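Biologist: Please take me through one part of this model in detail. I would like to look closely at the metal site.

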Amino acid sequence: MIYLKTDEEVELMRESNLIVARTLAEVAKHIREGVTTLQLDSVAEKFIRSCGAYPSFLGYEGFPNSICVSVNDQVVHGIPSTYALKRGDVVSVDCGAVKNGFHGDSCYTFFVGEISEEAKRLLDITKESLYKGIEMAVEGNRIGDIGCAIQTHCESAGFSVVREMVGHGIGRSMHEQPKVPNYGKSGFGDVLKNGMVIAIEPMVNSGSRYIRIDDDGWTARTVDGSWAAHYEHTVVVRKGKADILSSFEYIDQVLGKT
Ligand code: MG
Ligand code: MG
């Protein structure tokens, strides 16, 4: 069952997603050498609650924290810990918040100090691929058009796309139908309809596409120890152009990109 959202529901989802966007910017302010990923989690949880929202991830299927922090070869679902960030780390922060019954979901990959040219290229290409996917999220296209655009952009740059984890519909539940893979064939899959809200979230590795799960039952890592990057926006499908409900604008302000 794919739920189409009314305009009123879309505005509530925008509010939840902007809380997530601002939470990621708060986290961005604290990303530096020596900070632990648990400290980042605490920053995020406090900020989300100060907005009158609740961290969607906290307690989700037993997940113990408010954000996922995935460092270097960790792809997604890293559990915040006493690990202190080091210069050269690649740090994906995935965040969800629920307010007025609707969820927001977004992820950004940061880095600490200087990183290698190749790692920087992985981050750039992955973020670009997110926007390539969003360009396809318009009424009348199909789910496969999104995945194909993401996969083509990443693979032509020599990177690989994770298949086991995918994007998703989102609304009153954090994960709704349809699934939104980051690979696929254009012209295949469910038809996109006006008012569908989906989280598009390419997870891209610098080496092999294969992952394994740590003994903690959550942390997904690349099998070959290569880096991974992950960016995510929640968007509503519209005619001609998707409306992006989350935002990286607040992060860009913190990082001095605007
Ligand atoms: Mg997410
Ligand atoms: Mg998601």
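**The metal site**

Modeller: Keep in mind that this model is predicted. Asp94 lies in strand β4 (residues 90-99). Glu232 lies in the loop between β13 (228-230) and β14 (233-236). The pair therefore ties together parts that are 138 residues apart in sequence. How accessible is Asp94? Its relative accessible area is 8%. Buried means under 20%, so Asp94 is buried. Glu232 has a relative accessibility of 0%, so Glu232 counts as buried too.

Now turn to the magnesium ion (ligand 2). It is coordinated by Asp105 (OD), His168 (NE2), Glu201 (OE) and Glu232 (OE), at 2.1 to 2.3 Å. In sequence, the donor residues of ligand 2 are spaced D-x62-H-x32-E-x30-E. His168 sits in strand β7 (residues 167-169). Glu201 sits in the loop between β9 (197-200) and β10 (203-205). These two are 33 residues apart in sequence, so the pair ties those parts together. Both His168 and Glu201 are buried.

How do the two ions relate? The magnesium ion (ligand 1) and the magnesium ion (ligand 2) are 3.2 Å apart. Asp105 coordinates both.

Key
Residues numbered from 1 in each chain as written. Chains lettered and ligands numbered in written order. Predicted model: local features only at pLDDT ≥ 70, side-chain atom pairs only at ≥ 80, totals over all residues. Heavy atoms only, no water. Donors = N, O, S within 2.8 Å, 3.2 Å for Na, K, Ca; no water. Helix = DSSP H or I, 4+ residues; strand = E, 2+ residues; numbered from the N terminus. Buried < 20%, exposed > 50% of the residue type's maximum accessible area, 1.4 Å probe, protein only.
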